[in-house]
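Please read each point with the structure open beside it.

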Amino acid sequence: MNRLTERHYITLLELATKIEGVILQNFGETTYWIVAEICGHKFYPDKDRHYFDLVEKIADSTAETAKIKGKSWQQGSERIAVFEKETGEKFHDGL
């Protein structure tokens with residue numbers, strides 16, 4: 001194969017399929033609760049969407065050891081609303 005025709009990319013679908021395969025291989029159908037702090041929370045009530053980061057910090061420090069972007073649309077936003085109603089606490093940074 002000549003250098004100009006070599007494939008140096010991966011499609012988004014291929015990437016998503018590979019990520020899904022790794023997750024299924026390592027976790028199967030098991031679900032887990034994630035222990036993390038909410039940071040950078042933004043809620044857009046007109047679209048019923050939440051955007052936030054899940055952050056893990058070193059104990060007694062502000063240094064982050066892990067950070068993942070999170071979003072909640074429709075079903076996730078409904079679950080957040082149930083959480084807020086049942087606990088009397090708003091979904092917010094630092095939670």
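1. A salt bridge here is a side-chain nitrogen of Lys or Arg within 4 Å of a carboxyl oxygen of Asp or Glu. By that rule, a search of the whole structure finds three salt bridges. Side chains of opposite charge can pair when their charged atoms come close.

2. Some ground rules. This is a predicted model, in which local features need pLDDT of at least 70, side-chain atom pairs count only at pLDDT 80 or more, and totals for chains, interfaces and linings use all residues. Residues are numbered from 1 along each chain as its sequence is written, and side-chain values use heavy atoms, with hydrogens and water left out.

3. Start with Glu 37 and Lys 57. Their side chains form a salt bridge, 3.4 Å from N to O. The pair links distant parts of the chain, with Glu 37 in strand 1 and Lys 57 in strand 2, 20 residues apart. Strands (E, at least two residues) and helices (H or I, at least four) are DSSP runs, numbered from the N terminus. Glu 37 is partly exposed, at 24% relative accessible area. Lys 57 is partly exposed at 30%. The classes are buried (under 20% relative accessible area), exposed (over 50%) and partly exposed in between, with a 1.4 Å probe and protein chains only.

4. Now look at Asp 53. Lys 67 in strand 3 and Asp 53 in strand 2 are 14 residues apart. For Lys 69, the N to O distance is 3.4 Å. Lys 69 lies in strand 3 and Asp 53 in strand 2, so this pair ties together parts 16 residues apart in sequence.

5. Is Asp 53 buried or exposed? Asp 53 counts as buried, at 10% relative accessibility. Lys 67 is partly exposed at 49%. Lys 69 is exposed at 68%.

6. Next, the pockets. A pocket is an open set of points on a 1 Å grid over the protein atoms alone, where a 1.4 Å probe fits, with protein on both sides within 12 Å along at least five of seven lines; lining residues have an atom within 4 Å of a point. The largest pocket holds about 950 Å³ of space. Of its 17 lining residues, Trp 33, Ile 34, Phe 52, Leu 54 and Phe 91 are the closest to the centre. Strand 2 (49–57), strand 3 (64–72) and helix 2 (75–87) each give two or more residues to the lining. Helix 2 gives the most, with four.

7. The second largest pocket has a volume of about 220 Å³. Its lining includes Ile 23, Phe 27, Tyr 32 and Ile 68.

8. Check two backbone angles. Most residues other than glycine have a negative phi, and most peptide bonds are trans. Asp 48 has a positive phi, near 55 degrees. Asp 48 sits in the loop between strand 1 (37–44) and strand 2, and is partly exposed at 31% relative accessibility. Gln 74 also is not a glycine, yet has a positive phi of about 35 degrees. Gln 74 lies in the loop between strand 3 and helix 2 and is exposed, at 62% relative accessible area.

Definitions and conventions:
Points joined across faces, edges and corners; volume = space filled by probe spheres on them.
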